[in-house]
Amino acid sequence: MSSVAISKKTGFGATLWDYLTTVDHKKLGNMYFFAGLLFFAIAGFEALLIRIQLMVPNNDFVSAGLFNELLTMHGTTMLFLAATPLLFGFMNAIVPLQIGARDVAFPFLNSLGFWLFFLGALFLHLSFFMGGAPDAGWTSYASLSLYSPGHGIDFYVLGLQISGAGTLISGINFIVTIITMRAPGMTFMRMPLFTWTTLISSALILFAFPPLTVGLFFMLVDRMFGANFFDHTMGGNTIIWEHLFWIFGHPEVYILVLPAFGLFSEIIPVFARKRLFGYSSMVFATILIGFLGFMVWAHHMFTTGLGPTANAIFAVATMAIAVPTGMKVFNWILTIWGGSIKVTVPMIYALGFIPSFVAGGVTGVMQATAPLDYQLHDSYFIVAHFHYVIVGGIVTAIFGATHFYWPIMFNRVLNEKLGYIVFWVFFIGFHLTFFLQHFLGLMGMPRRVFTYQADQGWDLYNFISSIGAIMMGIGVILLVVNMLLSIKGKPVNQRDYWGDGRSLEWALVTPVPFYNFKQTPLIRGYDPYWIEKHEGNKEGMTYAEPLGDIHMPHGSILPLIMSIGMFIAAFGALYHPDGVSWSVPVIILGIGITVACMILRSFKDDLGYHVHKEEIIALEEELYGKGGNK
Amino acid sequence: MDLNTKFTPKSWPDHAEQATLEGKNKFVGIWIFICSDIVLFASVFATYLSLKDKGPAGMDISAAELFGLELAFVMTMLLLTSSLTSVYAMYHMKNFNSKGVLIWMGITVLLGLGFLGLEIYEFYEYTVHEGFGFTHSAFSSSFYVLVGTHGLHVIIGLVWITGLIIRNMKRGLNLYNAPKFFAASIYWHFIDVVWVFIFTVVYLMGVLG
Ligand code: HEM
Ligand SMILES: [Cu+2]
């Protein structure tokens, strides 16, 4: 039965079917990447509209109501539907290779996670065409959102509920993969930092997403089924939403930034051509940041009125996070220090990241000072702060890693010249956009306003900020152009494209076959590929087993159908408060589809299949020419 | 090890549920999932505690008057016993006795159904006879969501275990279905533990006022 898997089917239909049913972590990684890129583009476009509206005082480019929708969708999309899937793309594509695994622990769930995310995202975006998008900010505070007319908030609640379930499933999958599927010799303290940060970030997902699920569920039943969690006239309490949201929300920023740290911890040693400085302190700092990340959520609520004791505790806890974060920054600097630096596009992103992120961290500590935060809260200072950490930290990591891992993911190279141009346009645009916003905030410009009066000293800064945003937009477009150009480029067809790869993924000749390593590699230390290279091993790695049959999982269409079931059920719930007669049947139909798929899944054994030794040899000859992967 | 291998009681491995990579993944995976489910319940518990007895001005229903211990005690006993019977099933799994597994898992399902029936009866009493519906107050919403979330977990567990029993009725134990039974039983214990907390926080602390 195995030869079916190898013999290539071609044609558009077959390819489409392959992607709809795939459980291969590399393909799902690519799907996450491109889905994330799509939503990144949409949210970026919304940001441009926002900045055009704010370019000049008293502007009426968009209406106040539309402005609120754009603002909400920009933030929500960027965090949940762009940054998260882009990072998941790298995690899926790279982590199994870094630990020498055949695939993730639950390939079926991996696919389910993707489709839930994607259909949840689609559902949220349908709001634009179906009566208006959510408009209460990405934080959707209950006091504001509970009575927001129309279905916008319902789209937010249901869309995030579905895509959040997908994120949680993926998080569990990564944790189990990293715990049980490391190659022999890959102890925890030999794991590359990107794998470490994936593990910790998944653990944060594990503990942070349930409070969000609960909060969203309360909002759902309050708005659609007459419950009273947040309605104070019925004994409810809107502050519960704020707590649940931020117990999720603050860890969420670390869920995103830790993998970004991990990516830079891979990029920097390769191009400094030096072992990562302070590996164990990096691991320790990652864990500590993950832990402290749960202790600080109320720094978003200093002005809510929790009282001076609570504010003081959360202020100190917040400042404490700066310590492990600082450790990381110093470790990166000390890795570069004395290295034989090769400046490449990924490296220049890393070099740009360090000062930008530090600036964001410093303003974070300023905000953590509760009395000062009374001044800064809800002003453009906050906007500047979190864009410095998110764009300066996460987006630079994603762009840098895109160049860095493009050879492994797509067996092509991104143009270097164009890469530098993109970096400078984007990087200068970024600082133009957000640096002056610190001062706008200090001068009193509130965040989330759709326009402002002239002659308060804000006009010039806002104008410059909008010019910067346009530059960032141009940068992103050029990056996409670069990706498109790479399709026509020469295939890489070699291992270790950058020449200085250190971790396991660089030991693979690209294109990586669907089973990854044909034999499980033996890990003999930290930076295993570098060790082998320096001992003159021409075959990439030393292997832990002789060449034999490989066991692989079957693809399945069920994850997609299950996700569609949830998508259908969400429509029923959405229209329930309108009193239509079909709402409950549609909910039952949708959930029924999902449950039926689950039952089908457990009644049909999925034992996977074996790829035989001879087939592997034949495939490798086809991919790499005579002699196979040597 | 191949998933289709046939076993005898002699050749059956000690930890059949973890003898394959797939089994080990399931075993670790269900524990990880439970970690996140604990946080889910913690959030709902916290909400319940802060909304307990809260309602519109002049609300005349309070936890102390509403809740009784008799029904909750019977429910607790049913669920605790069902945990025990699922342990028996796992004991028989160790000894490669698939009949024993099926029978004791079946008894677990029956006890779970008994629990669920009583819970539905309780909800019915509160809504219809006490006028304590889901939309009555913040207190009622949080009560139904807390206990109902647990009830939903019970339903999922029942469907899961029933499915396993039906699917494996005719074939014996192997390394493919052993991890599935094992994961389901861990999940069932977890539901049981959550109920102990509900019994304490909602009913005991409720009756005490
Ligand atoms: C040294 C580290 C950091 C500190 C001390 C810090 C501190 C803070 C504080 C106190 C606030 C609340 C300000 C207010 O609303 O009045 C805040 C807001 C925010 N931070 Fe940070 N932060 C840090 C790192 C990060 C990172 C790494 C990210 C993202 C990757 C991030 C994203 C955000 C976001 C999105 C908000 C705004 C939330 C909102 O109100 O919409 N922060 N930060
Ligand atoms: Cu925070």
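Student: What makes a residue of chain A count as buried, and what share of its 630 residues do buried ones make up?

Tutor: Buried residues make up 59% of the 630 residues in chain A. Buried means under 20% relative accessible area, exposed means over 50%, and partly exposed lies in between, with a 1.4 Å probe and protein chains only. Do keep in mind that this is a predicted model, where local features need pLDDT of at least 70, side-chain atom pairs count only at pLDDT 80 or more, and totals for chains, interfaces and linings use all residues. Residues are numbered from 1 along each chain as its sequence is written, chains are lettered from A and ligands numbered from 1 in the order in which they are written, and side-chain values use heavy atoms, leaving out hydrogens and water.

Student: How do you know whether the radius of gyration of chain A agrees with a compact globule?

Tutor: The radius is taken over C-alpha atoms, and the globule rule is 2.2 Å times the number of residues to the power 0.38. For 630 residues that gives a value near 25 Å, and chain A has 25 Å, so the two agree.

Student: Why is A:E532 with A:R524 called a salt bridge?

Tutor: The term asks for a side-chain nitrogen of Lys or Arg within 4 Å of a carboxyl oxygen of Asp or Glu. A:E532 counts as buried because its relative accessibility is 1%, whereas A:R524, at 36%, is partly exposed.

Student: Which salt bridge joins A:D605 to a residue of chain B?

Tutor: A:D605 pairs with B:R171, at 2.6 Å from N to O. The pair crosses between chains, from the loop between α19 (583–603) and β2 (609–611) of chain A to the loop between α5 (138–167) and α6 (178–208) of chain B. Here helices (H or I, at least four residues) and strands (E, at least two) are DSSP runs, numbered from the N terminus. A:D605 is partly exposed at 28%, and B:R171 is partly exposed at 23%.
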